[in-house]
Amino acid sequence: MPAETDRRFVLKALLGAGGALVFDIELALGAAPAAPAAAGEPAARLNAFVRLHPDNSVTITAKNPEIGQGIKTMLPMLIAEELDVAWEAVKIEQAVADQALFAPQFAGGSMATPLNWLPMRQAGAAARAMILAAAAQEWSLPVAELSTLAGDVLHVGSARRAPYAAFAAGAVRQAVPAATALKLKDPADFTIIGKPTKGVDTPAIVAGKPLFGIDTRLPGMLHAALLTPPVRGAVLKSHDAAAALARPGVRKVVALTRLGEADAPVDALAVVADSWWTASEARKALQVEWDAEGRDRHSDASFAAAARTAHEGRPQAVVLAKGDAATALAGAARRLAATYTYPFVSHATLEPQNCTALFHAGKLELWAPTQMPGGGQDLLAKTFGLAPADITVHITRSGGGFGRRLQNDYMVLAAAIAREVPGRPVKLLLDRQEDFKLDFFRAAGFHRFEAGLDADGRLVALRDHLVTFGAKGKPGRGADLPANLVPADLVDHVDLGQTVLETNIPLGWLRAPGSNALAFASQGFLDEVAEAAGLTLPDLMLQLLGTGRLIPPPAGGRGPGFHTGRAAGVIREVLRLSGWSGARKGRGFGFYFSHNGYFAAVADVAKGEAGIRVERVWIGGDIGNTIINPLNAEQQIRGSVIEGMGHVLSGLKVPVDGGAIGVANFDSYPLPRIDAVPPIEIGMVRSDFPPTGLGEPAMPPAIAAIANAISSLTGQRLRSLPYAES
Amino acid sequence: MKTALKVNGRTRIVDAPGDKPLLWVLREELELSGPKFGCGQGLCGACTVLLDGQAVRSCSTPLSAVGKAAITTIEGVGASEVGQKVAAAWVDQDVPQCGYCQAGQIMSAVALLSANPRPGEAEIDAAMSGNLCRCGTYHRIRAAIRQAVTGQVAGSLNPGGDHAG
Ligand code: FES
Ligand code: FES
């Protein structure tokens with residue numbers, strides 16, 4: 001069966017690089033027509049992504065989770081473009097989790113654009129080719145004489161024109177063309193790609209329609225609220241649920257203990273009731289004792305002390321040793337050293353984590369706002385000893401992700417609760433306090449930098465010792481120091497190393513993981529270096545970047561590498577945009593390269609009545625030759641800048657004391673509000689490279705620019721986030 | 001306890017304890033899931049509804065405090081002219097990213113424009129500062145409110161957009 005071969009091929013491609021992401025995704029376009037259309041469905045299913053209806057409208061399947069990054073609009077735009085239909089004729093349907101059919105389905109790493117730019121267009125082009133082949137048969141004409149326009153097949157010679165739908169029956173019988181045989185559009189002919197396109201769900205959101213995980217409503221559904229220990233990872237010692245169970249509406253109290261590894265190490269009590277409010281209130285009647293032994297010794301003070309000690313010695317692990325940094329530093333005409341630190345940070349998605357689960361006849365069905373549905377399926381299979389085929393995951397819209405929903409702990413918790421009430425769906429919803437407690441945090445970090453300048457003021461040596469967090473000497477998610485820390489690639493003598501501290505606080509990827517913290521620290525220190533050299537930071541960066549060339553990624557790294565010319569291009573663009581004319585009090589600059597995107601930012605800050613505020617931000621970026629949906633691109637960039645403001649200036653930090661976090665709700669975690677938001681101007685450089693993602697790379701340089709602007713305004717180097725008025 | 005509520009122009013009878021927050025009465029008893037749960041403590045605005053035209057946080061409003069007040073949720077926003085204008089502007093400006101905060105944002109904007117049909121920039125920011133948007137759609141929220149005020153589609157739609165000048 002060719003369809004089966006295709007499926008296996010895709011799975012192999014997915015798992016190819018030991019679980020690492022790969023760029024070459026080939027779709028199993030042959031697999032879908034083999035699947036029978038739903039009973040009574042009049043549509044012709046041309047492949048997993050395209051269904052053609054008798055009224056010549058088209059249903060396009062959006063395969064990836066929508067978390068606010070605009071993917072439910074963007075991927076179908078790619079398909080519709082090559083299918084050559086009018087966008088107005090397209091209906092969009094969210095896919096369920098089925099990576100054998102749809103290839104990777106996840107929201108992370110700004111990977112959707114580079115991974116799908118070609119395959120999604122091929123999916124559209126393949127469907128179009130099948131329609132054309134059917135039309136050629138029907139009209140007895142060579143296929144080469146036919147063309148398409150907005151959902152119609154045209155034969156110019158005989159002035160014939162008919163809608164796609166007229167050939168639906170013939171089209172499904174056509175052989176699926178090989179991807180290599182497909183001719184894709186000349187970008188000059190794009191009518192959908194590159195056009196500002198509104199979110200496909202915008203009208204439903206504005207009408208208040210149920211779209212999100214929290215809105216899931218099923219017949220007979222029960223509700224669950226969770227109580228976890230104050231100290232993350234503490235163990236349930238004893239509990240008494242009698243008083244809670246005596247409350248009207250309460251059905252059950254479920255003790256969740258040792259639910260497996262990594263993603264769900266929590267012990268918890270869950271109250272199951274007829275209403276979430278009832279369940280939530282009944283938690284107050286629970287008697288519970290937790291054992292926090294060994295987990296309660298972690299605190300910010302002990303972390304800081306351990307970091308100071310570590311900085312006095314050698315790093316545990318060498319990340320990069322290039323040239324001879326020790327000698328170069330010893331012989332430098334001028335030496336600088338500084339310590340930069342940043343705190344744990346929370347994702348704080350506005351929609352708290354939730355999941356609805358139903359155990360029925362040995363099968364598990366879930367409705368989950370998740371960034372990684374396939375990962376969730378695997379985790380559930382492992383945890384509950386089920387075959388992945390017995391687990392169905394419906395992907396709901398997510399009220400924000402930012403990396404939090406790459407961890408599927410709440411799916412496991414919901415399933416474990418549902419197992420106790422078989423045959424009844426249960427919706428687990430964390431309240432805000434539990435959502436903070438159960439986060440996987442952006443790691444705190446302590447950088448000890450050293451730099452050496454030669455007699456001409458050139459940066460010749462750089463050292464960074466990062467004290468980070470993780471377990472067993474291994475940095476946690478997004479907590480490692482990469483060998484391509486900007487500007488390690490551009491300096492002759494470099495020593496990079498790291499030391500890992502243990503913590504009971506689990507770590508997770510937060511928007512632009514690693515880079516969001518590294519940009520602050522390294523561009524801050526580089527701003528000091530520039531000052532010492534009598535330069536501004538953009539001048540120093542341009543000097544270091546030198547002539548345009550491609551620097552390959554470090555060993556084991558992925559992606560096409562770092563292009564110095566593209567970096568210089570966005571720096572020049574933001575200088576032009578901001579009218580930069582050298583150093584100015586209260587103005588800061590930052591550059592960073594992450595997720596294959598090049599971004600540079602300039603920020604102005606000033607002292608207002610309520611402290612320092614950001615007055616204006618300019619940001620320049622290069623994500624290649626195409627911005628697929630400019631309307632959404634603007635949102636992603638502004639959102640990144642605003643999130644970055646939060647890291648620097650709003651006071652976002654998660655203190656740890658005795659193994660417990662010091663954040664409970666938005667009053668102790670002050671996200672930026674509308675009155676703090678400045679004008680943000682954007683300039684995009686179109687370079688001649690295939691497009692890459694935009695969900696993340698704009699944030700790191702914005703953080704750096706705002707922090708450097710504050711240093712410039714106060715005359716005191718901001719070396720520790722968040723900024724606090726002294 | 002049986003309570004009669006006036007919701008989106010209809011009288012609805014609910015059977016719920018008086019201390020149950022209006023948010024959960026709406027979401028669970030009346031199947032109106034437009035108002036969202038974000039913080040439960042009046043800190044984020046995701047649950048904002050109108051009581052006699054005033055924006056309130058339904059998560060912190062017990063059922064017993066509603067009395068005879070007319071409740072408007074996002075599902076009923078189209079019943080007023082201001083509501084229609086605001087909702088249309090929200091679509092025109094394509095305000096949402098994830099969209100989770102937007103029902104609350106829209107209700108706060110409707111309350112603002114009902115009380116003050118021509119708010120200035122500072123008044124807009126002040127009235128909307130109780131509504132968090134974790135995604136950072138604030139520029140478009142401002143643009144949509146301005147559009148609802150002026151009736152003109154002012155471009156936030158080009159990069160640099162609404163604040164470029
Ligand atoms: S949920 Fe009511 S203000 Fe946040
Ligand atoms: S659009 Fe996501 S929280 Fe506002």
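Trainee: How many residues of domain 1 of chain B are in contact with domain 2 of chain B?
Mentor: In this predicted model, 17 residues of domain 1 of chain B are in contact with 13 residues of domain 2 of chain B.

Trainee: What area is buried between domain 1 and domain 2 of chain B?
Mentor: The buried area is about 1100 Å², and carbon and sulfur atoms give 61% of it.

Trainee: Which residues of domain 1 of chain B lose the most area there?
Mentor: They are B:C44, B:L50 and B:I74, which together account for 33% of what the domain 1 side buries against domain 2 of chain B.

Trainee: And how many salt bridges or polar contacts cross that interface?
Mentor: The rule finds 0 salt bridges between domain 1 and domain 2 of chain B. It does find 5 residue pairs in polar contact, with both residues at pLDDT 80 or more.

Trainee: Switching to confidence, what pLDDT does chain B average?
Mentor: Chain B averages a pLDDT of 93, and 93% of the residues score at least 70.

Trainee: Where in chain B does pLDDT stay under 50?
Mentor: That happens over residues 156-165 of chain B, for which the model has 35 contacts beyond four places in sequence. Where pLDDT is low, the predicted coordinates should not be read in detail.

Trainee: What ipTM and pTM does the predictor give the complex?
Mentor: The predictor gives the complex an ipTM of 0.95 and a pTM of 0.94.

Trainee: On to chain A, then. What domains does the assignment give?
Mentor: Domain 1 of chain A is 3-198. Domain 2 of chain A is made of 213-294 and 353-429, while domain 3 of chain A is made of 300-345 and 441-725.

Trainee: How many residues of domain 1 of chain A are in contact with domain 3 of chain A?
Mentor: 23 residues of domain 1 of chain A are in contact with 20 residues of domain 3 of chain A. The C-alpha centres of these two domains lie 39 Å apart.

Trainee: What do they bury, and how many polar contacts are there?
Mentor: Domain 1 and domain 3 of chain A bury about 1500 Å² between them, with 63% of it on carbon and sulfur atoms. Across this interface the rule finds 0 salt bridges and 7 residue pairs in polar contact, both residues at pLDDT 80 or more.

Trainee: Which elements each supply at least two residues of the domain 1 side?
Mentor: Helices α3 (71-83) and α5 (112-139) of chain A each do, and α3(A) gives the largest share, 4 residues. This side of domain 1 of chain A has 11 nonpolar, 10 polar and 2 charged residues.

Trainee: What does A:L542 touch?
Mentor: Not counting residues up to four places away in sequence, A:L542 touches A:A568, A:I571 and A:R572. A:L542 and A:A567 are 25 residues apart in sequence, and their C-alpha atoms are 8.5 Å apart in space.

Conventions:
Residues numbered from 1 in each chain as written. Chains lettered and ligands numbered in written order. Predicted model: local features only at pLDDT ≥ 70, side-chain atom pairs only at ≥ 80, totals over all residues. Heavy atoms only, no water. Domains from an automatic or database assignment. Contact = heavy atoms within 4.5 Å. Buried area = accessible area lost by both parts, 1.4 Å probe. Salt bridge = Lys/Arg side-chain N within 4 Å of Asp/Glu carboxyl O. Polar contact = N/O pair within 3.5 Å; in protein donor to acceptor, adjacent residues only side chain to side chain. Nonpolar A, V, L, I, M, F, W, Y, C, P; charged D, E, K, R; others polar. pLDDT = per-residue confidence, 0-100.
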